[in-house]
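The following exercises concern the interface between two protein chains, and each task is followed by a solution that goes step by step.

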Amino acid sequence: MARIPPSVLRRYLFGGHLPTGGCLRQVRHCRPTAHSLSTKRYHGTQVPSANTESAGPETTIPFRKQLKDEAKKRKAEGTGKKSKQDSQKLDSWELTVGIEIHAQLNTARKLFSAASSSINDAPNTHVALFDVAMPGSQPTFQKETLIPALRAALALNCEIQKTSRFDRKHYFHWDQPAGYQITQYYEPFARDGHITLFSHDGIAAEDGEQVKIGIKQIQMEQDTAKTISQPGEIHLLDFNRVGLPLIEIITLPQIHHPSTATALVRKIQLLLNAVDACVLGMQSGGLRADVNVSVRRRDSPSTSSNSYGGVTGLGQRTEIKNLSSFKAVEDAIIAERDRQISVLENGGVIEGETRGWTIGSTETKRLRGKEGEVDYRYMPDPDLAPVVIGDDLIEHLQSTLGVLPDEEILILTKEYGLTTKDAMSLISLNEGGRVEYFRNVVDEYLAISSEEPTEEVGKLCGNWVLHEMGGLANDLADEENPLKITSKGDSVIPAKQLAQLVQFLSLKKITGRTAKKVLSELFEAGLTGKEETAQGIIEREGLWFRPLSDAEYDDLAREILDGNTKVVEEILAGKEGKINFLVGQMMRADQDGRVDATKAREVVRKLIEEHR
Amino acid sequence: MSGFICSRCRSSLRRVLRAQSRSINSSVRNSSPEPLRNKLVDIDALLSKPTWSVRSLLPDPDAPPSEEITPAKLHHLLRLSALPLPKSLVEEAEMLKTLHSQLHFVKDIQKVDTEGVEPLRSIRDETEEGVKEITIGMEDLKQAFEKEEIKGRNRRPRRRRGYMVDAQGVEDWDVLGTAGEKVELAGGKYFVVRSGKE
């Protein structure tokens with residue numbers, strides 16, 4: 001049985017909340033429990049009672065809080081001995097990583113034939129004569145494939161080469177009918193780019209606030225056929241995928257920490273998706289990464305002659321292929337770095353070999369050594385004309401890229417007052433639909449009440465759109481997208497209603513608890529197709545906030561003071577801090593949340609003075 | 001043809017012939033004709049003696065075969081080209097001999113000075129007009145741009161899905177007709193490849 005994370009278990013046991021939604025995408029964004037409409041849940045180790053005679057000065061720590069504190073302490077201490085050893089090793093050795101990413105371009109047809117591109121269609125139904133290298137067939141470059149390729153290169157700040165050419169890379173494999181792959185080895189279409197990673201992208205702490213990784217080049221190339229291996233050394237081939245356009249992005253070896261490498265792959269996937277260049281991610285197999293790892297001693301000056309792309313003095317590198325997830329990238333780099341360090345410390349020598357990684361293993365495995373190194377015999381492809389890209393095309397694409405994720409996060413944090421973490425969660429949900437919805441809600445709010453500053457409104461609405469709505473659950477709701485958020489920013493709860501609800505809350509016309517209740521009702525109404533407004537629900541159920549009258553405050557305060565004579569004496573003796581305890585007791589006593597803390601404190605203070 | 005040439009034409013002719021003779025001299029390896037002096041060159045005499053023979057492209061049959069290609073290297077090359085290995089030593093010796101003469105030819109060609117000359121990839125129209133014709137600009141991609149829409153406040157372009165791609169004449173042929181071995185499963189038809197040792 002799969003291991004269930006304790007947080008999920010806890011939420012189920014204490015809150016009756018089952019996990020919903022795409023958990024893989026929302027690793028960072030932790031949703032709190034849904035508030036059930038009916039009964040209250042008791043989270044403390046003691047049942048709070050109406051009269052607080054039994055409660056002493058010490059408050060009970062809720063069990064959930066206790067578990068969380070313990071987990072936090074454990075994390076802060078680290079894993080003890082192992083981390084100390086690791087940091088010593090890393091002090092003397094420097095890791096260098098270079099990454100090659102292959103991503104499938106988002107096009108209607110293939111790269112050199114007019115067959116259509118497909119994802120999961122019936123096998124061998126989109127194959128042109130050239131795709132299976134029929135004698136006499138010729139390649140015809142499909143110009144439309146340039147659009148996503150150029151967008152990817154522009155998003156990565158590359159220099160577009162006006163003229164680029166295709167070359168043949170020869171090797172034999174059953175998934176390569178022609179015996180060679182058409183790529184751009186000598187003259188790629190884009191060079192000298194860079195990508196900036198920030199601390200909120202998940203780079204290593206040692207890399208500081210931001211790090212800029214250079215991109216050596218981006219080239220277009222063909223994909224190979226899909227192989228389905230069966231027992232008995234039989235392989236089924238589907239040639240739909242042969243000839244699909246890929247781009248290969250080669251970074252400079254300027255990455256020095258495994259988490260930065262993972263952050264880079266993640267960010268490139270995000271960027272390529274944002275400019276519509278590559279819309280399939282690592283999980284669907286549309287993006288693959290090969291990693292080159294080497295280590296060198298920090299202190300001694302390097303005498304090695306290994307260099308790549310202008311970065312000199314590197315150790316011998318090994319290449320790790322077949323990395324199919326972000327975690328695999330990080331784990332494989334760490335395992336390979338540790339292996340190389342232990343080999344070198346024991347006096348050995350690193351071979352320039354190709355290694356593989358399987359998820360769940362502890363060390364990379366050798367796939368082929370230097371003797372098995374393939375000689376690709378690169379040669380220019382004589383059948384294909386050079387690709388000459390017009391300046392008007394480049395200019396148009398550059399100006400219509402749209403707002404990229406980094407800029408979007410800046411807008412969300414500066415104009416809308418969100419934290420970087422919340423902004424990142426917002427843009428990653430519902431394929432951009434959630435952030436559209438959020439901005440719609442803010443617009444509606446400002447339409448109702450235009451004097452409030454946008455940052456304050458943004459913060460409030462952000463909390464509701466991200467956390468409160470994220471926690472909604474209902475039997476009628478569909479698993480994948482319970483809120484039915486579209487990429488346009490529509491939702492099952494109309495933006496106008498949420499804005500109105502939040503505004504009522506902000507004006508203190510309803511309490512927080514009421515607001516959550518109304519939200520659930522709006523959700524239910526939306527799912528069942530009923531038309532409801534926030535105002536309508538509040539009016540119908542009489543949920544407007546009625547503040548306590550002075551007489552009610554007095555009564556409540558007297559009740560509390562009578563029950564806590566000892567505390568009153570302590571306050572009179574000089575312990576002013578204990579007033580807060582009494583205020584807390586008042587708030588707890590009134591279960592509707594109608595007690596205002598400041599007013600309560602005044603009343604308590606006044607009554608205590610009477611006792612003097 | 002008139003035998004009379006004016007002094008100006010004669011001196012320019014002399015200059016041209018001198019330049020030609022210098023270049024012929026530098027490419028001759030075996031024998032050199034007598035050095036040309038500053039006199040009128042007898043063109044017929046010049047053309048009657050060959051300064052180069054195609055025989056230079058073949059290795060000397062009397063000289064022993066050189067050891068630059070070892071049998072190991074031969075086998076490596078054959079494996080790279082997916083060609084069968086020689087079945088006997090006699091066959092191997094034949095292959096090595098052929099390879100040796102081919103290499104001699106290539107070495108001869110490589111003696112030409114190509115400093116600063118870009119290798120020819122294929123014969124194409126490299127004039128300005130020609131390059132302009134193959135330049136891909138906005139006009140060429142008009143249809144593709146029409147199939148996109150701008151989405152959201154971020155104004156990001158997105159390719160619209162759901163268009164039927166007209167692949168007539170491209171995809172409608174018997175793809176599996178050339179399969180050595182094929183199989184039809186619930187999902188569809190596949191080519192079959194066996195990777196075990198024969």
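Buried area is the accessible area, taken with a 1.4 Å probe, that two parts lose on being put together, summed over both. The model is a predicted one, in which local features need pLDDT of at least 70 and side-chain atom pairs count only at pLDDT 80 or more, while totals for chains, interfaces and linings use all residues. Residues are numbered from 1 along each chain as its sequence is written, chains are lettered from A in the order in which they are written, and side-chain values use heavy atoms, with hydrogens and water left out.

**Exercise 1.** Determine how much area chain A and chain B bury between them.

*Solution.* Begin with contacts (heavy atoms within 4.5 Å): 67 residues of chain A touch 48 residues of chain B. The two chains bury about 5,000 Å² between them, and 58% of this lies on carbon and sulfur atoms.

**Exercise 2.** Find how many salt bridges cross the interface of chain A and chain B.

*Solution.* Apply the criterion, a side-chain nitrogen of Lys or Arg within 4 Å of a carboxyl oxygen of Asp or Glu; the rule then finds 6 salt bridges across the interface. One of the salt bridges joins Arg156(B) to Glu408(A), at 3.1 Å from N to O.

**Exercise 3.** Identify the strand of chain B to which S9(A) is joined.

*Solution.* Strands are DSSP runs (E, at least two residues), numbered from the N terminus, and two of them pair if DSSP finds at least two bridges between them. S9(A) is joined by 4 bridges to S5(B), residues 189-194, and the two strands run antiparallel. Within S5(B), Val193(B) is the bridge partner of His235(A).
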